Protein chains: 2
Amino acid sequence: MSSPVTAQRPPAAPPLIAVDAMGGDHAPREIVAGAVRAVREHGLRLALVGRSSELAPLVAAEQAARELPIVHAEEALAMHEGALAAWRRARSSVAVGCKLVRQGTAAALVSAGSTGGVVSTATVRLRTLPGVLRPALALVLPTTPTPTILLDAGANADAKPEMLVQFAHLGAAYARVGHGIAEPRVGILTIGSEPGKGNKLARRAAELLSANATEDRLDFRGNIEGHDLLAGLVDVVVTDGFTGNVALKSVEGAVRFAFDEIRAALTSSPLARFGTLFQRRALRELRTRFDSETYGGAVLLGLNGTVVIAHGASRAEGIAHACLLAHNLVVGRITDQIRRGIAGVSRTPSWLHRLSAPEE
Amino acid sequence: MSSPVTAQRPPAAPPLIAVDAMGGDHAPREIVAGAVRAVREHGLRLALVGRSSELAPLVAAEQAARELPIVHAEEALAMHEGALAAWRRARSSVAVGCKLVRQGTAAALVSAGSTGGVVSTATVRLRTLPGVLRPALALVLPTTPTPTILLDAGANADAKPEMLVQFAHLGAAYARVGHGIAEPRVGILTIGSEPGKGNKLARRAAELLSANATEDRLDFRGNIEGHDLLAGLVDVVVTDGFTGNVALKSVEGAVRFAFDEIRAALTSSPLARFGTLFQRRALRELRTRFDSETYGGAVLLGLNGTVVIAHGASRAEGIAHACLLAHNLVVGRITDQIRRGIAGVSRTPSWLHRLSAPEE
């Protein structure tokens, strides 16, 4: 699974993708290098957004001035910058990238900037698709043979049951277009495996999802517990942004912890360390599979335009993958898919009725 | 860390601990074996609760009839039994065990029965301590050198900020009495590391904890994120039962997943497998550290009496550890500690005022 995302056949003229060249721990150098790679190896059409005085020499050094136009943006969001500070900055590279998407000049935006800053800037500047209550941040978990998509990973700390129902549609569209899963199975993250378990939010959302699964053409499989996140029982796991963020970071921390503990155990004695001489290849392959760079990053779904947020620590390869993912989402018409899924939901009178009813 | 719980000096007459002999995947055989071990190796005073016709032969086979009295209970909760069904059953071994505690005959209850069933039965039959809004289920994470306590692990799916403040006191008392941590550092599980991050519940609870930390004599350290759960940054992590349960199960699932993946990698080729011949001891030690049986189980805090819930899959050793933990909590006067901690909170007028104010 070193490359779960592969280029789909491009249309006559590939869509233009705006790349925030100023966001990320290794910006702008690795961003430019990744963009060059995406253009040359995958035939994508990209534009860099950022300070042209910094970017032009880097692009020139790669002899890529013809392939990689630069759109100037005066400011850059710092990696530590909070959501509130971020969306006020109209001249940041993220904001300018969003403007290109809004105008129709670009079809998608890729950024390795701080997740909070990119989410809030994009939400304010791109707005949600008609009928979409809130955008959701989707991340992928490294299950085999296909990854598991979890959303919302943190765009909305407080959610309503109706939002979770919409997230199911956003996630299903992303699974189909972004990961080639034709009939995505959807589950809801909660506690306990039987129906009726969980907090008020999860219980109500599960009810709505069960009640409308048939007319919504959604393959809803019910409850998913924390220990099943990496079991591949479903393709899409729906939850609120608070629980989703805690769960994802818990998984991330626990996997890192387990690997650290095992590394310590395997090097705890000269004898054990000697044993690793025979395991180098196996351990290297494992590391590659867990390498977040091969997954292309998180996707912000439900906006008027596609936004891919690469890991802040991304190097050239991670950026190239994120660009490829954005390209594939545009070519696969992800926003049309979402529009259709949500429109199906919005037409359901029983659902609309519940939506307007006061919350229990 | 094969035995993080060790017997504290027993008083003149050790307190009696009721052991639910019918709960758990390996009940009653392994429960009886564990109880015998706890009595003989640690000098505890126990009583088995369950069907005497089943238990008497097992106790006789261990020649332990004198050391291990049996209190008859007609029924047993099935492991799959829901919380609602569970607490209605007045004659279940868990209910009879609670009755012994309520009467003052026993000082604590140990059960390896279904968590939902034990929590609901004990909550209804033992009631909360004066001033305690809700009981909380506390679990330990295998950090070094001391474990990290997480609560609530699932007793309350929907919580209020004031409950989380109380959980901080319950957890701090448990850290002191159960794990010998003199000055427990307390954190709140949320998303984002800066103050003001999280959902409404976590933000409000963090505010209350910060505002009252000094007068409450609580060492509140602020926000803890999912990836820090195993980092040992604090001794007590406070959260609502929904988030706590999802986080714990996510950690559990991810650690198991990582170990499985590494085992697969280390045995993926004859050469790699050959390497493991030199690592047997190191890998065995690692497994022992992660073995849930050495931690004695979850503790339900805040009730009139101590309840330890051993892992459902516990064998004799796990049961013996759970009995030892219950014994130590009784000898360390955990309920008095909690009473004092909560009383301190309840006397705070500003806090009481907020409690009675309508929720934002």
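## A pair at the sheet's edge

In chain B, Val49(B) has Val71(B) of strand 3 standing opposite. This is a predicted model, and that pair is a handy place to start reading it. Val71(B) belongs to strand 3 of chain B, which pairs with strand 2 (residues 45–50) of chain B in the parallel sense, over three bridges.

Zooming out, eleven strands of chain B form an open sheet in the order 3-2-1-4-11-10-5-6-9-7-8, with mixed pairing. Strand 3 (70–72) and strand 8 (219–224) of chain B each have a single partner strand and stand at the edges, so one side of each is left without a neighbour in the sheet. On average, neighbouring strands of this sheet are turned by 25 degrees against each other, direction ignored.

## Strand 6 and its neighbours

On one flank, strand 5 (residues 136–141) of chain B runs antiparallel to strand 6 of chain B, and four bridges join them. The two strands form a hairpin with six residues between them. On the other flank in the sheet order, strand 9 (residues 236–238) of chain B runs parallel to strand 6 of chain B, joined by three bridges.

Are the residues of strand 6 (residues 148–151) of chain B buried or exposed? Thr148(B) and Leu150(B) point one way from the strand, Ile149(B) and Leu151(B) point the other way, and all are buried.

Helix 6 (residues 161–179) of chain B lies across several strands of chain B, namely strand 5, strand 6, strand 7 (185–189), strand 9 and strand 10 (298–301). Relative to strand 6 of chain B, this helix runs at about 145 degrees.

## Backbone details worth a look

If you plan to check the backbone geometry, here are two cis peptide bonds to visit. In chain B, the bond from Leu151(B) to Asp152(B) is cis, with omega near 5 degrees. Asp152(B) lies in the loop between strand 6 and helix 6 of chain B. In chain A, the bond from Thr144(A) to Pro145(A) is cis as well, with omega near 0 degrees; Pro145(A) sits in the loop between strand 5 (136–141) and strand 6 (148–151) of chain A.

Two arginines also deserve a glance. Arg127(A) is not a glycine, yet its phi is positive, at about 65 degrees; this residue is found in the loop between helix 5 (115–126) and strand 5 of chain A. Arg333(B), also not a glycine, has a positive phi of about 55 degrees, and lies in the loop between helix 11 (316–331) and helix 12 (334–346) of chain B. The relative accessible area of Arg333(B) is 56%, which means that the residue is exposed, as the cut-off for that is over 50%.

## How the two chains relate

Finally, the two copies. Chain B is superposed on chain A by a rotation of 180 degrees, with 0.0 Å of shift along the axis and an RMSD of 0.1 Å. That is the relation of a two-fold axis. In chain B, the C-alpha nearest the axis belongs to Gly275(B), 1.9 Å from it.

The same surface serves both copies, as 100% of the contact residues of chain B recur in chain A.

Definitions and conventions: Residues numbered from 1 in each chain as written. Chains lettered and ligands numbered in written order. Predicted model: local features only at pLDDT ≥ 70, side-chain atom pairs only at ≥ 80, totals over all residues. Heavy atoms only, no water. Least-squares fit on C-alpha atoms with pLDDT ≥ 70 in both. Contact = heavy atoms within 4.5 Å. Buried < 20%, exposed > 50% of the residue type's maximum accessible area, 1.4 Å probe, protein only. Pairing = 2+ DSSP bridges. Axes fitted to C-alpha atoms, helices over the stretch in contact; angles between N-to-C directions.
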